[in-house]
Structure formats: structure tokens, C-alpha cells
Amino acid sequence: MNIQTPVRTDKAERMRRAHEEAYATPLKDYHPGAPRLFQDDTLWPWFERLRKEEPVHYCTNAPIEPYWSVVKYNDIMHVDTNHGIFSSDSTLGGISIRDVPAGYDWPSFIAMDQPTHSAQRKTVSPMFTPTHLDELAKLIRQRSQTVLDNLPRNETFNFVERVSIELTTQMLATLFDFPWEERRKLTRWSDVSTALPKSGIVASAEERRKEMDECYAYMSKLWNERVNSAPRNDLLSLMAHNDATRFMDPDNLMGNIILLIVGGNDTTRNTMTGSVLALNENPEQYDKLRANPALIDSMVPEVIRWQTPLAHMRRTALQDTEIGGKHIKKGDRVVMWYVSGNRDEEMFEKPNDFIIDRPRPRTHLSFGFGIHRCVGMRLAELQLRIVWEEMLKRFDRIEVVGEPRRIYSSFIKGYETLPVRIPG
């Protein structure tokens, strides 16, 4: 019995209906940033049509302020690498399609322009040097072995909860030198900080504020401990003992802490889950990987492209400019859809296919480009590589036995659940 057939059939029908809707809807009515498209995994034909017909699109049909969508690889690169024209500054709206809500405008170095951006970013970069990554690799392997050895056989379980969240949260606790027994607080704060009102993660804006205040109080206590002790090799200590960040105001401190929590959690966690889903939806690639585990090295960047764990980044135009023949006015919000650029037919052969031995697999956009390129990308790749090395040693196959449940967001492209089973 092929247990994958119902899942794949359901997806094919869903995509057929999505394609009809996307091509029947007038372009003037497009809102490609609608979270439902991402939660239902029906975004693909909408962006496909934009790439073909209007690769720089102005949306006025949304419950948020109008925004430009940039959906092709080269146009995205233009925006991402021209930080003198396109700003990330939180005071202008920040890095998400939706302006930062009042009371949540905590500036982090990803939501800053030069020169402050690079000065603060450099304080945490020692955590991701090749030498330190070699040390972390030993810990990642040991923890991966423990988590995988404790998975049930012949029993359905949620891969997100048992593997993806657990392994990424353990790493977050190490990076922050966070109390081990309370490490799941980090996962919760990451989820709450990026949650939309309709996501179901928090019941109200007041509840969200209360939880983020708890995060601030907890992390401020740890910060004060690090400031008043000898330097250590964790993210808080690195910031606490560097002049560029030691004297941050409370909002800036909170912004950088949330950035590092979300960056260390969502990218790896959702790509780890996405890798299992991708291999199950493409069984010939799974067979290829099992026959040649050395392909893990190219599979990891391919799954990061295929998953695109951060669907977009937003900028604000600092001056009148032009993208793809469209006039962008000063103050306009410009959304770079990495999730679309990673499927650009002009850049990638068979872009919708998952091909684990794809040539030049690291040309994807998932980590961004320019000064804001993800500082922890090598650690994310390392975690994914090691967990798959250990899974292939232990399991003939991890079978997806039901539809994944995706989160309600057009920013974080992730999963709440992925039901799987490991045959005994």
C-alpha cells in the first residue's frame, strides 16, 4: 500500500483549484501577501502568474497599506543589494510586509541601515566562525543522535514537535547559554513575536504584549548577569562585552534578542521539517539520497531553496526609483518575495522540482544578499546536514502519513505539524 497517494492526490486537486483562481483573478485585485495562500500552500500559481505578466506589481487590494511585490530573482537581488536606496529601518516600517505594530518597534540590526547595522552585526559574528562551528558540530551530532534514537517505531508522531522544534530549541539554548530546563520558552517567544492576529498562537494583542514583556524581563536578567561577569562565548555575552552593543537602549536590546531567537529557530526548524516533506513528495529523490548519502551536501541548499523558510523581506524606498520599468516613489514599501525568486524559471531549470543534485544549489535567495545576508546561515546548513547524516544511518525511510498543517503567515513559511511514521 502506498500511503503517500492520498496526500499527493489532495495536493494535486488543491493546486488545480488554486491555479484556476489565480488566473481568473484580475491582476489589479491581487494580494499575494495574503496569509491564507501560505497556510493552504496555494501561493505558487499566484506568483507564477506575476512572474510572467507583472513581475513588479502594486497591490492596493489588501487590509494593509499598498505595497510593491518584486517577484523575479534579478529584481530581488537589485533591491537586496542597494541598501542606499531601499531601507530596512524599523522606524520606516521594518522588514515585514506589515508595518511593525505600535509598541513592537524594537530596532534590531536586521532592521537598521548603515553604519549601525554592521557595527551591531559584527558583535555576534564570532559565534559563526568556522572554528566555532566545528565545535558546535560535535554537540549537534550528539544531540541529534539522542533525539533520533528516542523516536518511536511503527507509530505516528509529529515530526515538527519531536525533532525539528526539539533540536533547534536545544541549539538556541546553547547559543544564548539559556537555562536548559526552560529552553522551550525560546520557542514560544519566537512563535509569539511573529504571530499574526488570526494565527491562533495568541488570543489577543494584550496576551501577545504580556508574553513579550515576560521575554524582555527574563532576557534582561540574563543580560545583566553577562554584563557583570567575565566574557563568555554566547550571544548575550558577546553583545554585553562589545562597545557597539553594550550600551544599547532597552528597545534595541529586545530587538536584537528577538531577531536572534527567530533567526535561530524558524529557518532551521521549518527547513528540517520541509526536507522530510520534500523527500516524501519526491520519492525518486529519496531513493537517490539513500543510494548516495554524499548528496546531503547538495540536498541541504536545495531544500533551503525549495522550502524558503522566510517567504519575504520588505524594504522602504528612500528616494524615487525604478524597478523593472515601474516607478517607485519615496516612502513606498517594497516586498522582495524570496519564495518567488527561488522559483524563477529564468534562473532555475525546473524550478518547482526538488532535485537534490541540482547544479550550483547555493544560488538560492533564502538567506538574502548584501549587507543583510543571514549571519547564521552556515550554522543552519550544518544542523540540517548532520541531522540527515544521522537519520540515514538509522532509518530506511521516514514516511509522511498525512497532510502537514502550515502556519498562518506570509512571512514565516513554516509548519505546525507533520505526521510521520518510521517503519520498524
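Because the model is predicted, local features need pLDDT of at least 70 and side-chain atom pairs count only at pLDDT 80 or more, while totals for chains, interfaces and linings use all residues. Residues are numbered from 1 along each chain as its sequence is written, and side-chain values use heavy atoms, with hydrogens and water left out.

The sheet is open and has five strands in the order S1-S2-S8-S5-S3, with mixed pairing. Strands (E, at least two residues) and helices (H or I, at least four) are DSSP runs numbered from the N terminus, and two strands pair if DSSP finds at least two bridges between them. Strands of a sheet pair through backbone hydrogen bonds, either parallel or antiparallel. Strand S1 (56–59) and S3 are the edge strands, each pairing on one side only.

Strand S5 has a partner on either hand. Five bridges join S5 to strand S8 (residues 333–337), and the two run antiparallel; histidine 312 has tryptophan 337 as its bridge partner in S8. Two bridges join S5 to strand S3 (residues 86–87), again with an antiparallel run, and phenylalanine 86 has alanine 317 as its bridge partner in S5.

In a regular strand the side chains alternate between the two faces of the sheet. In S5, His312, Arg314 and Thr316 point one way, Met313, Arg315 and Ala317 point the other way, and all are buried. Buried means under 20% relative accessible area, exposed over 50%, and partly exposed in between, with a 1.4 Å probe and protein chains only. Six of the six residues of S5 (residues 312–317) are buried, so the strand is largely enclosed by the rest of the structure.

Helix H4 (residues 73–80) lies across S1, strand S2 (67–70), S3, S5 and S8, and runs at about 130° to S8. Axes are lines fitted to C-alpha atoms, for helices over the stretch in contact, and angles run from 0 to 180 degrees between N-to-C directions.

The loop between S2 and H4 holds valine 71, which counts as buried at 0% relative accessibility. Not counting residues up to four places away in sequence, valine 71 touches Phe47, Leu50, Arg51, Pro55, Ile76, Trp337, Ser340 and Gly341; contact means heavy atoms within 4.5 Å.

Aromatic rings come next. Rings of Phe, Tyr and Trp (its six-membered ring) pair if their centres lie within 6.5 Å; planes under 30 degrees apart count as stacked, over 60 as edge-to-face and the rest as tilted. By this rule the count comes to 11 aromatic pairs. One of them, phenylalanine 38 with tryptophan 337, is stacked, at 5.8 Å centre to centre and 25° between the planes. Phenylalanine 38 lies in helix H2 (residues 35–39) and tryptophan 337 in S8, so the pair ties together parts that are 299 residues apart in sequence. Phenylalanine 38 is buried at a relative accessible area of 4%, and tryptophan 337 is buried at 0%. The rings of tryptophan 189 and tyrosine 218 have centres 5.7 Å apart and planes at 65°, so this pair is edge-to-face. Tryptophan 189 belongs to helix H8 (residues 184–194) and tyrosine 218 to helix H9 (residues 205–227), 29 residues apart.
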